[in-house]
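Hello,

Please find the structure below. My notes on it follow.

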Amino acid sequence: MSEDKRTEPERKSWWKGFALALGLAIATFLLVMLIISIMERRWEAVPRQIVAAPIAEGEVDPAVWGQSYPRQYARWLMTGEGEETRTKFGGSYPRDYLEEDPMQVILFAGYAFSRDYTQARGHRYSRQDVWNTLRVRQADNPEVVRADIPATCWTCKSSNVKPIMDEIGVEEFYTTPFREMAERITHPISCHDCHDPKTMNLRISRPGLREAFAAQGLDIDRQNLQQMRSLVCAQCHVEYYFQRGTYLVFPWEGGTDFEAIETYFDNRPEFSDWVHAVSKTPMIKMQHPDYELYSTGIHAYRNVSCADCHMPYMSEGNVKMTDHNVQSPLLTIDRSCQVCHRWSESEIRNRVESIQTTVQQAMLKAEDALVKAHFDIAAASQAGASPEELLTSRAYVRKSQSRWDFISASNGMGIHSPQESMRLLGEATNFAQQSRLESARLLARKGITEPVAYPDISTREKARQVAVAFEQNNPPSLLPEKSPQQ
């Protein structure tokens, strides 16, 4: 029998080497298996969409897109009206702002918003809702659409808009009467408005946003995907106005914050959306500046997009996709909020509603001061104050209402930027009170020192009667009894 002549240390060294080699082999095997497993999971997570047929560039029917993207289409169909979408300050149902808040009837006196101001429903109803609103219909005959409403009002309401603009030109689209264009507007906001049908990439389909970027010297085509997840929303959820009566323009020349927008309009004193029926002040109507307000908030600072909250990611089986049921994040807290905020659903909801309630209280305080400011100006006018004497009061009331409306017209009751909302509402109240102070001085000069006789506007019906009286130049007297002017 042969004798192992290796020493004890040599035998131990050999076993250590063998054990090390075996360990490395096992570790390598396990690592390879882990990599294979990860790659398999990633492959499973890739949506292997079976495209039924190529989607044509001009295809506006979401049902056709749904043949190739049934999950997304099914979720889009859910952007409809329903009590299940109701939140404390929002939801996809026709909440009547004027019924809930009669002061707004007076704030918009002389303008169509004083007749009909209803919360918008989901994208699926965009075409139907704009066609039915009383704001586009004759005051004396609601069955008839007004002849002076341009097709510009269809711009953010239908997927038909881009193909029609491509065919006849942007200027021609804007100048066509609203009611004449109606026959060609067959579908609401849907897939074609945000996606390139060939690549499914997000795209800008409306000229207003593209032109607004160009006015600031910016190239909208150089924005990254995360920015695009907000910018496709910013095509419509913004402040805008009709230049020359029909051409849609975003007042972003100097930026998107409120002061830049106010300066834009101040530099165009010939423009106003309407003249207030009570105070005779040329006014600006803010249209829902959601993107502008969001841009001043913490979510924009943290690069959280609109879609991250309102269209959060979801999974169906092994498919991850963006939820196309666009709705309040309070309805999808687990996917919209808890991705970042590690609190319970009840804590998040209570926190959001607490902030919104605080903003609403500040908004109502500003409204109360504003309504009285409009009436105070009217009272001063009834007392004999000249238009020149009323310039300062009217300038203050315009500055006040623009700030109030910047927050009031935005969706979300200030939650997109609570600090900015409270700042602007505080300034709105301050400017309204300064307007009232100027009017009080004018009244005192006319010998009137008793309080103004404010009319009863406690309900929508009563407020509307007062507004109509002013619109028809047959207003109630606002001067106190036994004043020398009566």
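Helices are DSSP runs of H or I with at least four residues, and strands are runs of E with at least two, both numbered from the N terminus. This is a predicted model, in which local features need pLDDT of at least 70 and side-chain atom pairs count only at pLDDT 80 or more, while totals for chains, interfaces and linings use all residues. Residues are numbered from 1 along each chain as its sequence is written, and side-chain values use heavy atoms, with hydrogens and water left out.

Pocket. A pocket is an open set of points on a 1 Å grid over the protein atoms alone, where a 1.4 Å probe fits, with protein on both sides within 12 Å along at least five of seven lines; lining residues have an atom within 4 Å of a point. In the second largest pocket, 15 residues form the lining, and Q227, L231, Y291, Y294 and S295 lie nearest the centre. Helix 11 gives the largest share of that lining, 4 residues.

Disulfide. The whole structure has 1 disulfide (a pair of cysteine sulfur atoms within 2.5 Å). C156 and C236 are the pair, with S to S at 2.4 Å. Their link is left-handed, with -95° about the S-S bond. C156 is in the loop between helix 6 and helix 7 and C236 in the loop between helix 11 and strand 1, so the link ties together parts 80 residues apart in sequence.

Other cysteines. The closest cysteine sulfur to that of C194 is in C233, at 6.8 Å, too far for a bond. For C233 the closest is in C306, at 4.4 Å, also too far for a bond.

Regards
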